[in-house]
Amino acid sequence: MNFDLWLNKLADLLINAGVPAEQGPMAALGLLYLSLTLISLAVVVLLLRRNLRSKKTPEEPAGQPVDQAEGPSAEVEVAEGTSRLEEEPATAVEPEPLPAVIPAAEEPVNLFQRMRQGLAKTRSSLVGRVDALLGSRASLDSGFLEELEEVLITADFGMQATQELVQALTGRLKEIDPGEPAQLHRVLGEEIRTRLKTSEPGWPEPASGPLVIMLVGVNGVGKTTTIGKLAKQFADQGKKVVLGAGDTFRAAAAEQLEVWGTRSGAEVIRHAEGSDPGAVAFDAARAAVARKADVLILDTAGRLHTKINLMEELKKVRRVVDREIPGAPHETLLVLDATTGQNALIQARMFQQAVEVSGIALTKLDGTAKGGIVVAISSQLDLPVRLIGVGEGVADLRPFDADEFVAALFANN
C-alpha cells in the first residue's frame with residue numbers, strides 16, 4: 001500500500017469526523033508529519049535515557065540507575081505532585097506537605113510572647129522603617145506622610161486601609177513629637193485597632209448536634225494542617241472530634257489528616273482517593289451524630305477561586321451537611337496564606353460570593369514581613385479574622401485578638 005493511498009484514507013477519516021472536504025488532504029498530511037515527528041522524538045528520548053543509565057558515576061554502586069531517588073521520600077514527593085487536572089496547576093502553588101513528625105506538645109509559654117515572636121518580621125519591617133523615617137525628619141509634614149504611605153503599602157496594608165490611616169494621622173500630627181517614636185506608635189496603633197474587625201469570642205453553640213466547621217481555600221494555604229491543630233485544641237478541651245477527609249483529590253491528603261487524627265485522638269472519616277466530596281461529607285455528618293461528637297471539622301480540596309464548577313462543588317457539600325445537621329456548617333472558615341499578600345483579598349472576595357464564608361483563618365503570619373494584610377482584610381472585607389497562625393506548634397494557631405495583635409506589633413524589642 002503506497003503513501004498516497006494511506007494519505008487518502010486518512011483524509012477520508014478526517015472529513016467524516018467533520019473536517020471540511022477541501023481541507024481534508026492538507027489536514028491528513030499535517031497529521032502524518034506530526035505523528036512521525038512525535039515518534040522520532042520518543043525514540044531520541046529513549047536512546048538518551050538508555051545512554052545515561054549506562055554511564056555510571058564512580059561513587060554509584062553497579063545496577064542502580066542514576067535517576068533513582070534514595071529512600072522513601074521519593075515516593076512521597078511523587079504522590080504529593082499528583083493533582084486534580086481541573087484544579088490549580090502544580091506550578092502555581094505547592095501542595096501541603098505530608099508531615100513526617102507531628103509537633104509534640106509544647107511547654108507552656110507566655111501567649112503574648114508567642115504572638116510577639118510570630119509578628120517579629122512584620123514588626124521589624126514596619127516599626128523599624130517608621131522609626132527610621134521619624135529619625136530622618138525634623139518635622140512631620142506632607143513629605144513624611146507620603147513616605148509613611150509607602151511604608152504601609154509595602155507592609156501589605158492595602159491601598160484602602162493605607163489611605164484611611166494616612167488621612168486619620170493627618171489630623172493627629174500635632175499629638176506626635178518627631179523625637180518620640182512611642183507617640184507615633186501609640187497613635188498609629190490606635191488607628192489600626194479601629195479598623196480591625198473582631199468576631200464574637202469562642203465558637204457557636206448549636207442547639208443540637210455537633211459544632212460543624214468547614215474549611216475552604218486554594219491549594220497550599222494550610223487547610224489540613226489548620227484542621228489538625230484545631231482538632232488537637234478541641235481534644236485538649238475534652239471534646240470528642242470527628243474529621244471529614246473531604247480533600248479526595250490531593251494525593252496523601254487523607255493520610256495527612258489521619259496522622260493528625262491519631263495525634264489528637266479524633267476519628268477520621270475518609271473514602272477512596274477521587275471519591276465524591278459530598279459523599280464524604282454525608283458519611284462524616286452521619287458518623288458525628290451517631291458517635292455523639294462535639295465537633296465535626298470538614299476538610300475540602302484546594303481549588304482555584306476562578307473555577308466555577310469546583311466552587312459549585314463546595315455549595316453541594318454545604319447542602320449535604322445542612323440536610324444531615326440542620327444549620328450546619330456553623331462556621332465556614334476561608335484559609336488564606338499571609339505570604340500571598342494582596343492576592344489573598346482576591347481569593348476572599350471570590351470565595352465569599354460562592355460560599356457563605358463566616359471568617360478568615362490567616363496562616364503563616366510568622367513567615368512574612370507583610371502582616372498588614374490582617375488590616376487590609378478587616379478594612380476591605382466584611383469578614384472577621386477568626387484565627388491566625390504565628391508558628392509551627394499546635395498552640396501557635398491562635399484566636400485573633402485585635403488588642404493583642406496591635407500590642408505585639410508595637411511591642412518594644
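Predicted model: local features only at pLDDT ≥ 70, side-chain atom pairs only at ≥ 80, totals over all residues.
The protein contains 15 helices and 8 strands. Of its 413 residues, 46% are buried. Among contacts with a separation of 6 or more, 73% link residues 24 or more positions apart. The accessible surface amounts to about 20600 Å², and carbon and sulfur atoms contribute 55% of this area.

Strand β1 runs parallel to strand β4 (residues 295–298), to which 4 bridges join it. Within this pairing, Met 214 has Leu 298 of β4 as its bridge partner. A parallel pairing over 4 bridges also connects β1 with strand β5 (residues 331–337), where Glu 331 of β5 is the bridge partner of Ile 213.

The structure holds 1 cavity of 30 Å³ or more, and the volume of the largest cavity is about 60 Å³. Its lining comprises 13 residues, of which Gly 246, Pro 277, Asp 299, Thr 300 and Val 317 are the closest to the cavity centre. Two or more lining residues are supplied by each of the helices α11 (277–290) and α12 (308–324). By residue class, the lining of the largest cavity consists of 7 nonpolar, 3 polar and 3 charged residues.

Note on methods. Residues numbered from 1 in each chain as written. Heavy atoms only, no water. 1 Å grid on protein atoms, 1.4 Å probe; cavity = no way out; pocket = protein on both sides within 12 Å on 5 of 7 lines; lining within 4 Å. Points joined across faces, edges and corners; volume = space filled by probe spheres on them. Nonpolar A, V, L, I, M, F, W, Y, C, P; charged D, E, K, R; others polar. Buried < 20%, exposed > 50% of the residue type's maximum accessible area, 1.4 Å probe, protein only. Contact = heavy atoms within 4.5 Å. Areas by Shrake-Rupley, 256 points an atom, 1.4 Å probe, with all protein chains shown as cover. Pairing = 2+ DSSP bridges.
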